[in-house]
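User: I would like to go through this structure with you, one topic at a time. Please keep the answers plain.

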Amino acid sequence: MAENKKAEKPAAEPGNKKSEQLGQFRDDATGQLMTTNTGTKINDDNNSLKAGDRGPSLLEDFILREKITHFDHERIPERVVHARGSGAHGVFKLYESQSAVTKALFLNDTETETPVFVRFSTVAGSKGSSDLARDVRGFAVRFYTQEGNFDLVGNNMPVFFIQDAIKFPDLIHAVKPEPDNEMPQAASAHDTFWDFISLTPESAHMVMWAMSDRALPRSLRMMEGFGVHTFRFVNAEGVASFVKFHWKPLLGVHSVAWDEAQNISGKDPDFHRRDLWDAIESGAFPEWELGVQIIPEEDEFKFEFDLLDSTKLVPEELVPVQRIGKMTLNRNPDNFFAETEQVAFHLGHIVPGIDFTNDPLLQGRLFSYTDTQLLRLGGPNFQEIPINRPIVPVYNNQRDGHMRQAINSGKTSYSPNTLGGNSPAQAKAAEGGFVSYNERIDARKIRARSKSFLDHFSQAKLFFNSQSTPEQNHIVDALSFELGKVKTVAIRERMLGILSLIDKGLAGGVAYALGLHVPTPETPINKNVPADADIADYESVIFEGSLKKSEPLSMANTIKDSIQTRKVAILAADGVDEKALLAVKKAIEAEGGSVNVIAPRLGFITSKNDEQIQADESFLTAASVLFDAVYVPGGTNSVASIEAEPDAIHFLNEAFKHCKPIAADAGAMQVIEATYFSKKIESDEGVIVSDNANDLAKQFIADIKQHRFWEREKPRKIPA
Ligand code: HDE
């Protein structure tokens with residue numbers, strides 16, 4: 001009789017404590033026989049038990065009942081925000097001990113690799129929405145440290161829309177699909193969002209970020225991450241400092257164009273998820289450096305803004321970011337539901353050496369994250385789900401509840417006790433027990449916003465002024481698009497009022513697109529505003545910050561030194577000049593880029609010297625928006641076929657429109673001549689035509705490093 005042997009479940013990464021722990025739960029049915037959940041082998045999984053050939057199914061059929069019942073209960077509520085996400089495992093390695101500022105062991109110990117699990121997400125869309133929505137991205141990192149889990153639950157933008165957690169349900173209700181018709185999906189371009197924003201001037205700074213190219217990342221691997229709030233570090237002597245957390249991607253920060261984003265949403269709604277998965281599978285592990293801005297406690301009031309206000313960032317010119325370690329994502333999850341869906345992040349998961357501040361947004365979040373898991377994961381034992389377990393043992397007197405896994409032995413589940421030897425005992429600070437920072441609070445209860453939170457525009461201006469001209473144009477375009485989708489003219493006008501307090505040119509550009517006028521000071525933003533909005537005073541606290549520009553805020557200043565994992569399309573057909581094709585392919589692959597040959601149909605193409613070259617995609621399955629650059633090799637017949645292929649010409653026109661590098665052999669000039677942009681190529685950077693494959697490859701690679709030639713958008717209307 002065949003026996004089901006319990007499968008060996010080796011750690012995916014021996015030596016990695018989290019991976020070893022997950023290994024105990026990983027199951028693999030390869031070579032095993034099918035069973036019910038109670039282990040009884042199943043003989044027929046295709047037919048239910050019936051009374052006769054054509055008779056009714058029998059209630060007795062425990063196999064049918066179990067299978068259908070489980071299926072009926074397969075779904076859990078999606079996250080109320082950040083529903084769509086992608087996860088990955090990795091490790092964090094510290095460069096240098098940070099013991100001067102924090103006693104957190106994983107930030108003291110340079111020997112240990114701390115396992116991490118990361119989940120990236122969009123905010124507004126449902127679980128099945130497109131990756132390329134214009135949206136903030138969640139950037140949640142769990143460190144499985146030797147002192148318990150530390151979750152850094154951040155975003156890809158350093159500030160937030162609101163200052164106080166009590167406004168979060170309002171913000172999210174406004175941005176989510178409208179309640180009467182559940183439209184639009186994963187988009188802020190609708191009336192309720194802008195109604196709320198136009199009545200909430202504290203959102204001005206975040207709106208600049210959300211309308212910038214940061215909301216359209218080229219890849220999850222190419223975005224920054226931020227802890228947003230000011231946190232506290234506490235060292236072994238009990239000395240505290242304020243800290244802001246940053247993640248700096250080693251591939252730089254890059255985005256796509258809005259028109260491109262919308263097309264990607266149709267061609268591949270899983271674009272970011274696939275990109276992350278494929279990069280890890282191919283061994284091109286995404287990397288970020290962890291940065292910290294440390295502010296000594298005595299400097300708390302040194303700034304023109306309040307450190308507790310999450311609508312403000314600390315400019316790097318004022319407090320430099322020190323890079324203290326590196327995170328590498330090196331393993332995809334085994335099971336999306338078990339890991340990415342069930343992971344329960346919480347910024348309240350901290351370890352000794354890290355502590356909170358009184359940021360009212362942070363304080364509210366401390367309540368929300370446990371509360372939401374209770375509903376989403378079904379009860380108080382969600383920390384026992386494998387992905388949520390710390391790598392250190394858990395001992396306390398919490399007991400029972402739905403789906404309890406631990407079998408706690410012994411008589412006592414209270415403290416203090418004598419019957420159980422007073423175990424588990426409280427840990428003294430010297431034993432690693434968490435002691436909250438002993439902050440002095442001497443205050444009256446008050447339900448109001450601190451005056452130090454009232455400047456809403458100086459950093460919105462700082463951000464806008466720090467952008468390059470193409471980036472500023474993109475913000476104008478984004479707002480023109482979003483407000484253009486708003487039906488209520490009064491909301492558009494109110495937003496123009498807000499924008500005019502940030503930058504007159506910005507407001508003017510958007511007003512032009514909307515066919516409206518920028519409100520003057522005589523038609524202030526608080527016109528027709530309900531008393532609850534409480535925005536009457538804001539204009540009186542318009543404040544000019546001393547810093548006018550901050551370089552790191554512009555993506556134009558990001559790293560542009562690599563083509564690692566960039567995707568290049570080669571358009572080819574029978575008769576292609578394989579020498580040129582292979583030379584360019586080899587040069588790109590040597591620098592870590594990847595190449596796809598796109599041909600009129602799948603299968604093989606026959607080169608001019610009768611070589612067989614595999615077509616990776618056809619013009620039916622591929623789209624320019626899924627690539628970073630395009631190359632057209634020569635070869636008389638190939639060139640003639642490509643020229644005659646409307647989809648290929650569209651591919652090139654669209655790549656040009658999205659400001660991507662384009663290269664063609666001199667022999668493929670007739671393909672370029674069939675494009676819209678052929679007349680522009682002499683002056684246009686980022687388009688090369690050459691008769692020397694090596695020179696071409698060199699220049700092409702240099703262009704791909706630049707990512708995009710945004711200056712090409714003049715004039716900014718290009719057909720494609
Ligand atoms: Fe969240 N947020 N949030 N948030 N948040 C959630 O928790 C909440 C805020 C962030 O990949 C929820 O487990 C409140 C800021 C990320 O699983 C929920 C407030 C920042 C994720 C929740 C905020 C974030 C969440 C929904 C205002 C950046 C996804 C599901 C005070 C610093 C984590 C869940 C993942 C998820 C509440 C504001 C980041 C409902 C009340 C600011 C990355 O608990």
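User: Where is D191 placed?
Analyst: D191 is in helix 4 (residues 191–198); helices (H or I, at least four residues) and strands (E, at least two) are DSSP runs, numbered from the N terminus. The model is a predicted one, in which local features need pLDDT of at least 70, side-chain atom pairs count only at pLDDT 80 or more, and totals for chains, interfaces and linings use all residues. Residues are numbered from 1 along each chain as its sequence is written.

User: Is D191 buried, exposed or partly exposed, and why?
Analyst: D191 is partly exposed, because 15 other C-beta atoms lie within 10 Å. A residue is buried with 20 or more other C-beta atoms within 10 Å of its own, exposed with 12 or fewer, and partly exposed in between, the C-beta atoms being placed from the backbone.

User: Which residues is D191 in contact with, leaving aside its neighbours within four places in sequence?
Analyst: The contacts of D191 on that basis are V486, K487, T488 and I491, where contact requires C-beta atoms, placed from the backbone, to lie within 7 Å. I491 is 300 residues away along the chain, yet the C-alpha atoms of D191 and I491 are separated by 7.6 Å.

User: Changing topic: how many residues surround the ligand?
Analyst: There are 25, and the closest are H82, R119, G138, A165 and V228. A residue counts as near if its C-beta atom, placed from the backbone, lies within 6 Å of the molecule.

User: Which element supplies the largest share of that shell?
Analyst: Helix 9 does, with six residues. Strand 2 (113–122), strand 3 (137–145), strand 4 (148–155) and helix 9 (360–376) each contribute at least two.

User: And what is the division into nonpolar, polar and charged?
Analyst: The shell has 12 nonpolar, 10 polar and three charged residues. Ala, Val, Leu, Ile, Met, Phe, Trp, Tyr, Cys and Pro count as nonpolar, Asp, Glu, Lys and Arg as charged, and the others, Gly among them, as polar.

User: Now the domains. What does the domain assignment give?
Analyst: It gives domain 1 (85–388) and domain 2 (560–713), with bounds that come from an automatic or database domain assignment. Their C-alpha centres lie 37 Å apart. The contact between them takes 12 residues from domain 1 and 12 residues from domain 2. On the side of domain 1, helix 6 provides the largest share, five residues.

User: What is the order of strands in the open sheet of six strands?
Analyst: The order is 15-12-11-16-17-18, with parallel pairing; two strands pair if DSSP finds at least two bridges between them. Strand 15 (617–618) and strand 18 (687–690) are at the edges with a single partner strand each, so one side of each has no neighbour in the sheet. Within this sheet, strand 11 and strand 12 (residues 594–599) pair over five bridges, and A569 stands opposite N596 in strand 12.

User: In which sense do strand 7 and strand 8 pair?
Analyst: Strand 7 (residues 240–249) and strand 8 (residues 287–296) are antiparallel, over nine bridges, with S241 opposite P296. Strand 8 also pairs in the antiparallel sense with strand 9 (residues 322–331), over six bridges, where W288 faces M327.

User: Lastly, which residues of helix 16 are buried?
Analyst: They are A648, F651, L652, E654, A655, F656 and K657. These buried residues pack against helix 6 (258–267), strand 11 (567–571), strand 16 (629–632), helix 15 (636–643) and strand 17 (662–665). Helix 16 is followed by C659, whose phi is positive, near 65°.

Terms used:
Contact = placed C-beta atoms within 7 Å.
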